[in-house]
Amino acid sequence: MNIHEHQAKDLLRRYGVAVPNGQACLTVDEAVAAAERLGFPCVVKAQIHAGGRGKAGGVKLVKNVSEARAAASEILGKTLVTHQTGPQGRVVRRLLVEQGCAIARELYLGMVVDRGSGRVAVMASTEGGVEIEEVAAHTPEKILREVIDPAAGFAPYQGRRLAFGLGLTKEQIGPAVGFMTALARCFIESDCSLAEINPLVVLQDGKLLALDAKIGFDDNALFRHPDLRELRDPSEEDPRETEAAKHDLSYIALDGNIGCMVNGAGLAMATMDTVKAAGGTPANFLDVGGGANVDKVRAAFRILLSDAAVRAIFINIFGGILRCDVLAEGVVQAARELGLTVPLVVRMEGTNVEQGKKILADSKLDIITASDMLDGAKKAVAAAAR
Amino acid sequence: MSVLVDKSTRVLTQGITGSTGQLHTRLCREYGSQMVAGVTPGRGGTDFEGIPIFDTVADAVRATGANASVIYVPPAGAADAIMEAADAGVPLVVCITEGVPVLDMVRVKRFLDGRATRLIGPNCPGVITPGQCKIGIMPGYIHTPGKVAVVSRSGTLTYEAVHQLTLLGIGQSTCIGIGGDPIIGTGFVDALRLFQDDPGTQAVILIGEIGGTAEEDAAAFVKAHVTKPVVAFIAGQTAPKGKRMGHAGAIIAGGKGTAGEKMEAFRRAGVTLAPSPAELGVTMQRVLKEKGLAS
């Protein structure tokens, strides 16, 4: 789960990480009042779950009230298109108004769960403001890295090594270690999957400040953070993905026209690949999971049918824990309730497959059956083209 | 021959009183696995269909000589369950639980450092040596004893591969689902090492997916150490960047972990790639014929 910059900064502030004074605003008037309170110059920043806002015109430095009003009016409601939003862009629904600051240096500080070492890795670089992937691709030697031992936690010597490596002055080492230690505590105690301070700025008076902040949480750990769960902003998510999440379904919207319903994430990805290999394009990734019941299958089917781009539906099930008869029952119920408006191709294998096939046949619904995954994908592609 | 589990494996179930634990303990016993004990704190002294239940893993091991554990404990308690089993000296721990927080696994990995316990999973279907021992949630009937090993990050895609092999008359030595999470116990390289050393395994099917670099590491290991033929498939060739595809570990992050990179690594390592998941079985059949290996 991702959160907005202003939410990330609120969380960081609680852990003692230095962030600029600022306020989140939902209207132009609120933004103007916040700017007046904070004093000029200040910065008006679009709050969307995507990077590249500055280049897209979503961040403006303002020097007085009229500039603040103009900037807020322009950004709020605007559709920002950045390299992370996709071509359709994202509508800006809230702003962050922040005090301006006098910057001397821009650095990078990030933390991720590193799969290779199985530990949390801290990365720092002198290339602030540049995406870390780009630094990694072109000048990997500029990335300093420390791995946190889960038993000992982030150790001060690791902070010092990073701080000296960044070329900070003797006076800045102590505060920098404090900054990093606080960020590491926030990361671990909040079950983050990613925390990025880019840029981490050194002010002209020598102080360190998190000028931008990006935080993502491990979805699997949200059960123990009810306060963080509240930070979810559904307007930043695809409505079908939100609906799917309510039913504990794993759904991701794609731009094709063949709706896919599969059990198991690997098989669901493989089904998308097979559709592509058969000359079609998948409309979605959908994993109904191993423990699916009739209600869940019905919800999944409804989500597929709600996608206007879908021209055919391909159900590919290898019943293990999920029994084929349960799947078939859910599909028949959903098709009866909602009406089968597009061709439906079903490939079923595994536990109780004969009962499942019988339920589908007895339903008298217009269902195209397939003998295996490739056969099903081909039939779905052909049906969608009609 | 096989790896990890066989007829002599004595299995205990952690979380035996939950509905999933009950169902799969029953199914594994029906398959022929020796299900010797269950653990649910506070339920010690009772039994599940004749299988004695203990309060702690240590008690269960002491009383029954269990040498493998399977975990169905819910996500919040799964990491603790793994550590309890390791502390009791259980050599093989299979964690089926999906949704374990990743930082819990960071701590578990640290805890397992220097201990003799081998962890499979979490978020996996388990391990099966057909005809001998099934530990996990895979449908037993699709398997048949034989000489092809299967290792995979995906559950249902493993079933797909196994089913295709069985229909072609190609049996399996041992199938290991390593799990779809970013941090897991046994990885591809560990599994390949076991299969390379197993005289009962002639060839290996490896099923990877997008995210991380486990497949690239596996490819390097195959090139350096594996003499047996390997057939591979990578799921997620059409997956968009930056989206988690169901499995917590299946994500192309920062442009890294794409199916294309992984397939290229395997190609360079001399691994045969199955053109589609529907052709895993026939690809293995062709490779076995080319190498003059009986199926």
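Two strands are taken to pair if DSSP finds at least two bridges between them. Helices (H or I, at least four residues) and strands (E, at least two) are themselves DSSP runs, numbered from the N terminus. The model is a predicted one, in which local features need pLDDT of at least 70 and side-chain atom pairs count only at pLDDT 80 or more, while totals for chains, interfaces and linings use all residues. Residues are numbered from 1 along each chain as its sequence is written, and chains are lettered from A and ligands numbered from 1 in the order in which they are written.

A handy place to start is chain B. Here strand S8 (residues 126-129) and strand S9 (residues 133-136) of chain B pair in the antiparallel sense, with four bridges. One of the bridges puts Thr129(B) against Cys133(B) in S9(B). With three residues between them, S8(B) and S9(B) form a hairpin, and Gly131(B) in its turn has a positive phi of about 80 degrees.

Zooming out, chain B splits into domain 1 (10-120) and domain 2 (138-290), with bounds that come from an automatic or database domain assignment. The C-alpha centres of these two domains of chain B are 26 Å apart. Ten residues from domain 1 of chain B and nine residues from domain 2 of chain B make the contact, where two residues count as in contact if their C-beta atoms, placed from the backbone, lie within 7 Å. On the domain 1 side, helix H1 (19-31), helix H4 (102-112) and strand S7 (118-120) of chain B are the elements that give two or more residues. H4(B) gives the most to that side, with four residues. By class, the domain 1 side has eight nonpolar residues, no polar ones and two charged ones; Ala, Val, Leu, Ile, Met, Phe, Trp, Tyr, Cys and Pro count as nonpolar, Asp, Glu, Lys and Arg as charged, and the others, Gly among them, as polar.

Chain A, for its part, is divided into domain 1 (1-20 + 102-236), domain 2 (21-100) and domain 3 (238-385). Taken over C-alpha atoms, the centres of domain 1 and domain 2 of chain A are separated by 23 Å. Their contact takes eight residues from domain 1 of chain A and eleven residues from domain 2 of chain A. The domain 1 side of this contact in chain A has one nonpolar, four polar and three charged residues.

Chain A also has an open sheet of four strands, in the order S1-S6-S2-S3 and with antiparallel pairing. Strand S1 (22-25) and strand S3 (59-62) of chain A stand at the edges with a single partner strand each, so one side of each has no neighbour in the sheet. On average, and with direction ignored, neighbouring strands of this sheet are turned by 20 degrees against each other. Within it, strand S2 (residues 42-46) and strand S6 (residues 95-99) of chain A run antiparallel and are joined by five bridges, and Ala46(A) stands opposite Leu95(A) in S6(A). Helix H2 (residues 28-38) of chain A lies across S1, S2, S3 and S6 of chain A and runs at about 10 degrees to S6(A). Axes here are lines fitted to C-alpha atoms, for helices over the stretch in contact, and angles run from 0 to 180 degrees between N-to-C directions.

Further along chain A, helix H10 (residues 294-305) and helix H11 (residues 324-338) pack at about 45 degrees, with their axes 8 Å apart. H10(A) and H11(A) are therefore oblique to each other (angles under 35 degrees count as roughly parallel, over 145 as roughly antiparallel, 65 to 115 as roughly perpendicular and the rest as oblique). The residues of this contact of H10(A) with H11(A) comprise nine nonpolar, two polar and three charged ones.

Finally, the two chains meet: 44 residues of chain A are in contact with 46 residues of chain B. On the chain A side, H9(A) gives the most, with eleven residues. That side of chain A has 22 nonpolar, twelve polar and ten charged residues. H9(A) packs against helix H5 (residues 155-167) of chain B at an angle of about 70 degrees, and their axes are 5 Å apart. That makes H9(A) roughly perpendicular to H5(B). Gly266(A), Leu267(A) and Ala270(A) of H9(A) meet Gly155(B), Thr156(B), Leu157(B) and Glu160(B) of H5(B), a contact with three nonpolar, three polar and one charged residues.
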